[in-house]
Amino acid sequence: MNSEHKDTAGIPAETITGSGTGRSEGRLLPEVPTGERKIEHVRLCLDEEVGSVGLTSGFERYRFRHSALPEIDFEDIKLDTTFLDIPVRTPLLISSMTGGSKATGEINMRLAEAAERRGWALGVGSVRAAVEKEELAPTFRVRECAPSVPVIANLGAVQLNYGFGLDDCQRAVDIAGADMLVLHLNGLQEVFQPEGNTRFGRLLGRIEDLCRTLEVPVGIKEVGWGIDGETARRLLDIGAAFIDVAGAGGTSWSQVEKFRSKDPVRRGAAEAFAGWGNPTAECIVEVREAAPACTLIGSGGLQNGVDAAKAIALGADLAGFGRGLLGSAVDSVEALDQRLAQVELELQTAMFGIGAGNIEALRSTARLIRA
């Protein structure tokens, strides 16, 4: 096992308790609803049934063939890898989730501190709010808490059709202190969101312009309905540096927006899309086949480190976790650290079980088969 990865009991108390920031170590959400969109998104993800209905991530369709004689020592298993040439201690990503209010900003900082402690890459929620309102910028300034891990800033791609340009995108990167920017594609969410922006026409050309001109790499992600191989190829051809498939099987944002909406027509229509999307495992396979050399993140409905191992064995470079970490992040620093440690242990144990001593061996394993 990588000696830098310890469970919570092995981390000094002063490290676990917020790195001296003085932030609250208890539950971060207000006890009563505030009406703020960012807070309500988090609350709904934690308190309501917002997962896909009748649709899974697809990882259950695969299983590892156990190796009774792995011929490696467990403590020698290495998780370190690179992402866009940046060294990382694990092939794991805290996916883009939140920011834009005091409470959600504190969640971001807690996630950032945990990412730094454990060597996970880190995404932040859409930085649009901070670009438009300077007073919200501190809720996305995660670099001070995560000085060494890859940080991914995030904006909605559709905002390029609503006046956002190169300077706005660079501002988002600067606010987060990010190494790269990801543009998220969330068309169905925008349809059902009361404040939604749905002008997705002629967007590919604007994405290309940004990919060619922004000083940092630009990637593309979905938000839970998945990017298929054909779409990924089109995006890579116009300069996207990486793809995060963000497939179906986890959070359904049409379900989230259904709970927010007061319009009975939109609420009813949103329910029809509870089972919509491309399963995550399917997306990973398709994108890797369509673009063998692309940098690929597998996220969407991953439940544990075994799912992460499957995602990597199917072709992902990083495995991303979102809502599955959110409850722990809201509850306490200790709960979050234990959750990350558990995912790492599950991943390492899966690797031990197939005799893969490092991430490259996991990527090239022949021991993942259709169940």
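Colleague: In which loop does L84 lie?

Modeller: Helices (H or I, at least four residues) and strands (E, at least two) are taken as DSSP runs and numbered from the N terminus. On that numbering, L84 lies in the loop between strand 2 and strand 3 (86-88).

Colleague: What kind of model is this?

Modeller: Residues are numbered from 1 along each chain as its sequence is written, and side-chain values use heavy atoms, with hydrogens and water left out. Local features need pLDDT of at least 70, side-chain atom pairs count only at pLDDT 80 or more, and totals for chains, interfaces and linings use all residues, since this is a predicted model.

Colleague: What is the phi of L84, and why does L84 count as partly exposed?

Modeller: Most residues other than glycine have a negative phi. L84 is not a glycine, yet its phi is positive, at about 50°. Buried means under 20% relative accessible area, exposed over 50%, and partly exposed in between (1.4 Å probe, protein chains only). L84 therefore counts as partly exposed, since its relative accessibility is 25%.

Colleague: Is E71 buried or exposed?

Modeller: E71 is found in the loop between strand 1 (62-64) and strand 2 (81-83). Phi of E71 is also positive, near 60°, in a residue other than glycine. Because its relative accessibility is 67%, E71 counts as exposed.

Colleague: How far apart in space are F59 and P279?

Modeller: F59 lies in the loop between helix 2 and strand 1. F59 counts as buried because its relative accessibility is 1%. F59 and P279 are 220 residues apart in sequence, and from C-alpha to C-alpha their distance in space is 8.6 Å.

Colleague: How far apart in space are A241 and V218?

Modeller: A241 is found in the loop between helix 8 and strand 9. At 25% relative accessibility, A241 counts as partly exposed. A241 and V218 are 23 residues apart in sequence, and from C-alpha to C-alpha their distance in space is 5.5 Å.

Colleague: Is strand 10 mostly covered on both faces, or on one?

Modeller: In strand 10 (residues 295-299), five of the five residues are buried. T295, I297 and S299 are buried on one side, and L296 and G298 on the other, so the covering extends to both faces.

Colleague: Which strands pair with strand 10?

Modeller: Two strands pair if DSSP finds at least two bridges between them. Strand 9 (residues 242-244) pairs with strand 10 in the parallel sense over three bridges, and D244 stands opposite I297. On S299, the residue opposite is G320. Strand 10 also pairs in the parallel sense, over three bridges, with strand 11 (residues 318-321).

Colleague: What is the handedness of the crossover from strand 10 to strand 11?

Modeller: A crossover is right-handed if, with the strands pointing away from the viewer, the path from the first strand over the helix to the second runs clockwise. The chain passes from strand 10 through helix 12 (residues 305-314) to strand 11, and this β-α-β crossover is right-handed.

Colleague: What is the volume of the largest pocket?

Modeller: On a 1 Å grid over the protein atoms alone, a cavity is a set of points where a 1.4 Å probe fits but cannot get out, whereas a pocket is an open set with protein on both sides within 12 Å along at least five of seven lines; lining residues have an atom within 4 Å of a point. Grid points are joined across faces, edges and corners, and a volume is the space filled by probe spheres set on the points. The largest pocket has a volume of about 1,100 Å³.

Colleague: Which helix gives the most to the lining of the largest pocket?

Modeller: The largest pocket is lined by 48 residues, and H41, S96, M97, Q189 and W253 lie nearest its centre. Ala, Val, Leu, Ile, Met, Phe, Trp, Tyr, Cys and Pro count as nonpolar, Asp, Glu, Lys and Arg as charged, and the others, Gly among them, as polar. By these classes, the lining has 11 nonpolar, 27 polar and 10 charged residues. With five residues, the element that gives the most is helix 2.

Colleague: With which side chain does that of Q189 make a polar contact?

Modeller: Q189 is found in helix 6, and Q189 counts as buried because its relative accessibility is 7%. A polar contact is a pair of N or O atoms within 3.5 Å; within protein, one must be able to donate a hydrogen and the other to accept it, and residues adjacent in sequence count only if both atoms are side-chain atoms. At 3.0 Å, the side chain of Q189 makes such a contact with the side chain of E257.
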